[in-house]
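Q: I'm new to reading protein models. Could you walk me through a few features?

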Amino acid sequence: MSLLLRRRSRSETRPQEIPADKAKHQESEKPDRQQQQQQAKHHQMRHHPHASEQNLNKLGLVSSGSSGMGRRKTSAELISEAKMFLGESVNAVPLMATGGARLVSTRRPITPRESGRVLYGKVALAGRPPSAFSMRYLQNEKPSTPRQLPALSGSGPATPMPTRNGALLCQSSTETLIELLKQHSGLKDCSDETVQHINAILQELYTRVRKQERNFKRGFILGGLYGLVECSSPRVLLAVARVVLALRVTGSNLTGACKLIFKVARHEQHDALFHEHDVLELLIDGLGHASPLDEPEACIYAYGCIRFLTASSAQERDDALNRNWIGLENTGENHSLPIPALMPPALTAITAALCPRKLTGQQTLVSRLARHGAVELMILHLQMLNEAGATKRLQGPPLHTLYQLSAAMRALADVSQQQQRLQLQLQLACPHLIRAAEVSMGELEVQANVVRTLSVLSEDSDCCETLHNYAARIGLLLGPSCAGGGQCSERLLAVLSRLGYMLGNILAKHESARIQYFHNDVAMEYLLNVLEQLNERSPTSVALLDAQIKLIRVVANMSVNAEVGAGLGNVRSLGAVLMQLLSKTSGELAKKKSPEQQELLHATLGALHNLCFYQDKQAAVQPLAEGSLQSLIDDLSGSLAKVLSSCQTSVTKVELARVLGNLTRNERARRCFCAAGGLPLMVQQLTKQAAGQDYELRTCAIGVLVNLLGDGEQRGPFLQLRGAELLSLLLRGSLEQEDWFLANIVCQALWNLLIDGQCAANLCQSGNILDEVSDLLADYLDEDRLLPGDTDNDEEEPDGEQEDIDAAETDPETHDALWEDFALVATDLLERIQNNFDRQQQSQTLVPQHADNEDDKDVFIEEM
């Protein structure tokens, strides 16, 4: 057996994630090492062929010329584009795994748009506190204590009231300050001068209260503040709330203070006021004395306030994400570029560019809240609600508290990427949020909010590290949707979308989570049921498409694991669901192009790509499960041929070719695909792309062709389609561009073609094609072509430069490893061609040889 066949017999079926630090190191390579960069790129493609998604088409490596093979982009261009789209983050999720399977990435789930800051939006929760309210109470916490003014002295002249001179306020008694405030009781509209005067009084009063004056004055002070709660000035309202909170009130007074702050925070133009003083810190202190079960209204309005202030640009951030994705879809650039939906640093940069001032202020408030223990308090309240919900179903105000608390935590998570302390705190909250999602089952609006928070947290690598231990438990949250009889509301679809997004993020990063989820029979059953139910509905709703995209991504990323990928091949109904999605989405795209439909089609093809890699042999388990992928190999092969023949989008053709590259490793699939016209279809694709611009489609199509030519009955028809001339043209183009990887694949296709004695004899008789191939191989196997400089002028080189050249030639890191791979294949192929010529000359008077040589074996693409 030749060296080539020994090399090709190795098969790596164990997926491995690309180390983040290695990826970052590769991205940081400098442009002046262009040759080494290209060699490293091709070397990775040869040993990890599926890294082509990162190193070729995904980074813009397409031909741009109109003749020959076109110009490939330089390494500097590739690195620049990689940094622009993928970011330089060690926390970025690897876009694919090696070993024949790749990860699938999607946009963030669709975020509902609110016209303004409202407590509940369009949600109709029974018994909820109102979003709008009238402040009509600030009262003494001990009603038995009479609310009256201290008696004035009966002798001597009356104490004059201070004027609006701030310097005199500090000399006045607390009773005098309260009397001044009562002069403005019932005030609504007021001038700037009046606002300034009242604020000065309240500031002085706040300073005294913070010094912990005697408790008996608490009711008296609250009585003086009561008349200001209807004032239209947000500055006055916040100043009143500060004094009330400084009194360490509880009960209805705490609720009243929270309402005052909420009343100001609900208007975005007032955000700057919260940077002027410590009202947020006082609010957290006040909540620390409250229970979400005993004082739920205070918590509702307080967390609603935090949610507004910290999520002021969250909508713009989500809009930026979706605009970025849609923009890439509509450009003429490479459409298959993965959307950086899982890369917080890159997204943070996008958002900062869109609204740098607002985001900076937002982060400042978040940092203040985190330092003052807001997240720890949220977790404590979350635990209290979960414990109550474990014994009795949550309802009424405590349930609404959970709604606002989870929304506030999500808002903090949206801007937490640059704050390590906050990220660590949110990481601790993950298990409690999962429990809250379980507790709120049956309360779809509340559960949707909790799950949405978890989906945002799943983007962070540390939080994802915590969440991956609960992968199957999260999958169980899909269960209630199975009882709906196929009736899915928009809110339920939002829950499914975010559950799928979260699970997709987890399974993209953690191998153990893939195995854990697959081996949980209940979680798998729920997932299959939901996919079946969604597939029964007409794909007209954007929310429905988004949910299907996210859930199909769960299947795709789970099947990166070899054990799981092989096992999923015989899971009931999964193959039927994927087949139906393939048919529906491709048909809808033919009628009307939709970004969501195209994303769903690509997610489906991503799942098929991974699953097909592990279906190279007939399943040992018989009988096959109904609707399983293994039971539908024949139908799938024909469907892929049909979709490819009608497909007009280059990026979709690439995805289809990838699936076929893995599927045609299966003997039955090859025959069914060719029976459906697959061989001329692939020749047609390669004929179009021989001098075209889509490099990745060309490489994937050649890989499929290598597998098809592994079957003897396809070699003769291939010659009739002038396939040998096509391979010769592709070989010449790749060698002229010194694209050793592409040349390697073409040589493998020629190897399989020449295994057939009759085909070899026919080509030897014509002579021209094999002569040209032989000359090309002999020419490019000459190592002198790779030596830098002119060897005739070696004596003219300075000693130092000559030493550098010698060092480069002997340095294994700079040696062209990819050319060596090509050389091994090409040498064997050249030897085979020469042997065939010799055999032809010896047997000119004999019967042509039909039998294959004993040592000749077919070559198949192990990873596509």
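Q: Let's start with Glu-713: is this residue buried, partly exposed or exposed?

A: Buried means under 20% relative accessible area, exposed means over 50%, and partly exposed is in between (1.4 Å probe, protein chains only). Glu-713 has 44% relative accessibility, so it counts as partly exposed. One note on the source: this is a predicted model, where local features need pLDDT of at least 70, side-chain atom pairs count only at pLDDT 80 or more, and totals for chains, interfaces and linings use all residues. Residues are numbered from 1 along each chain as its sequence is written, and side-chain values use heavy atoms, leaving out hydrogens and water.

Q: Where does Glu-713 lie?

A: Helices are DSSP runs (H or I, at least four residues), numbered from the N terminus. Glu-713 sits in the loop between α34 (695-708) and α35 (715-720).

Q: Okay, which residues of α30 are buried?

A: Here's the general idea: an α-helix has 3.6 residues a turn, so residues three or four places apart point the same way. In α30, the buried ones are Ile-633, Leu-636, Ser-637, Leu-640, Ala-641, Val-643 and Leu-644. Looking down the axis of α30, they fall within an arc of 165° (taken from the directions from the helix axis to the C-beta atoms), so they line one face of the helix. Lys-642 and Ser-646, on the other side of α30, are exposed.

Q: And what does the side chain of Ser-458 make a polar contact with?

A: A polar contact is a pair of N or O atoms within 3.5 Å; within protein, one must be able to donate a hydrogen and the other to accept it, and residues adjacent in sequence count only if both atoms are side-chain atoms. Here the partner is the side chain of Asn-505, at 2.9 Å. Ser-458 itself is buried, at 0% relative accessible area.

Definitions and conventions: Helix = DSSP H or I, 4+ residues; strand = E, 2+ residues; numbered from the N terminus.
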